[in-house]
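Dear colleague,

I am writing to hand over the structure that you will be working with. Please open it beside this message, as the notes below are meant to be read with it in view.

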Amino acid sequence: TLGSQIVEFPNTVEVPIKELKDADCLLGSIYVPVAEHELNNALRLKYIGVLGTSYGKIDSQYAKKKGVVVCNIPGYSTEGVAEFAIASVLEHLRDLERGKQQARKGDFSETTFFHVSELKDKKFGVIGAGQIGSRIAEIALGFGCHVLDYTFEFLICCIENFAGIKE
């Protein structure tokens with residue numbers, strides 16, 4: 001049974017170890033690291049909930065060994081992340097930063113060569129077909145791309161085969 005005591009601490013980059021000792025669960029932002037040291041001091045911890053999509057600051061492999069479940073908030077910011085990914089691709093394909101710098105200088109001439117490309121008819125690889133990856137694929141399809149989706153397991157297998165790695 002989970003306890004009823006709730007302890008709040010400032011959104012800092014460190015989890016107070018003394019508070020973790022008796023904690024059943026920890027809810028934290030994506031900026032709060034939880035590594036081996038914190039997990040070893042959290043004697044009753046069963047659950048870590050990250051209030052966002054990323055949980056790169058959590059040592060999830062070690063948490064799993066300790067029997068601690070790590071979860072994020074699925075669907076959080078799916079649109080924002082997918083749109084940012086597509087925008088980043090467009091910025092690269094269209095050399096937008098160079099064009100913006102030229103425009104800021106008041107140079108609107110066509111003498112500068114820009115090698116640009118369009119998304120239409122391009123092969124567009126998406127790694128992972130979760131909510132965010134699926135939304136990125138959906139947007140890419142809207143641009144007329146040929147979408148290829150891969151699972152992490154598939155890519156690892158391909159890399160191992162390419163490199164001649166055997167388990």
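**Findings**

Val-34 is placed in the loop between strand S1 (25–28) and helix H2 (36–41). Helices (H or I, at least four residues) and strands (E, at least two) are DSSP runs, numbered from the N terminus. Please note that this is a predicted model, in which local features need pLDDT of at least 70 and side-chain atom pairs count only at pLDDT 80 or more, while totals for chains, interfaces and linings use all residues. Residues are numbered from 1 along each chain as its sequence is written, and side-chain values use heavy atoms, with hydrogens and water left out.

Is Val-34 buried or exposed? With a relative accessibility of 1%, Val-34 counts as buried, where buried means under 20% relative accessible area, exposed over 50%, and partly exposed in between (1.4 Å probe, protein chains only). Leaving aside neighbours within four places in sequence, Val-34 is in contact with Val-15, Leu-26, Leu-39, Ile-48, Lys-57, Ile-58 and Asp-59; contact means heavy atoms within 4.5 Å. Val-34 and Tyr-55 are 21 residues apart along the chain, and 9.6 Å separates their C-alpha atoms.

Val-68 belongs to the loop between helix H3 (60–65) and strand S3 (69–71). Val-68 is buried, its relative accessible area being 8%. Beyond its neighbours within four places in sequence, Val-68 is in contact with Leu-39, Leu-45, Lys-46, Tyr-47, Ile-48 and Ala-63. From Val-68 to Lys-46 there are 22 residues in sequence, and 4.5 Å in space, C-alpha to C-alpha.

**The protein overall**

The secondary structure comes to 7 helices and 5 strands. Along the sequence, these follow the pattern α-β-α-β-α-β-α-α-β-α-β-α. Of the 167 residues in the protein, 23% are buried. Among contacts with a separation of 6 or more, 31% are between residues 24 or more positions apart.

**Helix H4 and the residues beside it**

Helix H4 (78–94) has 17 residues and reaches 24 Å from its first C-alpha to its last, close to the 24 Å expected at 1.5 Å a residue. The expected span is 1.5 Å times one less than the number of residues in the helix. Which residues of H4 are buried? They are Thr-78, Ala-82, Ile-86 and Leu-93. These residues cover an arc of only 45° around the axis, so they lie on the same side of H4; the arc is that of the directions from the helix axis to the C-beta atoms. The face of H4 turned away from its buried side carries the exposed residues Phe-84 and His-92. The cover over the buried residues of H4 includes S4 and H6.

Thr-78 has a relative accessibility of 14%. Apart from neighbours within four places in sequence, Thr-78 is in contact with Gln-131, Ile-132 and Arg-135. Ser-77 is in the loop between S3 and H4 and is partly exposed, with a relative accessible area of 36%. The phi of Ser-77 is near 65°, a positive value in a residue other than glycine. Just after H4, Asp-95 takes a positive phi of about 50°.

**Helix H6**

The 12 residues of H6 should span 16 Å at 1.5 Å a residue, and the end C-alpha atoms of H6 are 17 Å apart, which agrees. In H6, the buried residues are Gly-133, Ile-136, Ala-137, Ile-139 and Ala-140. Their arc around the axis is only 165°, which puts them on the same side of H6. The buried residues of H6 pack against H4, S4 and strand S5 (146–150). On the face turned away from the buried side, H6 carries the exposed residues Leu-141 and Gly-142. Gly-144, which follows H6, has a positive phi near 85°.

Of its 17 lining residues, the closest to its centre are Gly-128, Gly-130, Gln-131, Ile-132 and Gly-133. On a 1 Å grid over the protein atoms alone, a pocket is an open set of points where a 1.4 Å probe fits, with protein on both sides within 12 Å along at least five of seven lines, and lining residues have an atom within 4 Å of a point. Strand S4 (123–127) and helix H6 (131–142) each supply at least two residues of the lining.

With kind regards
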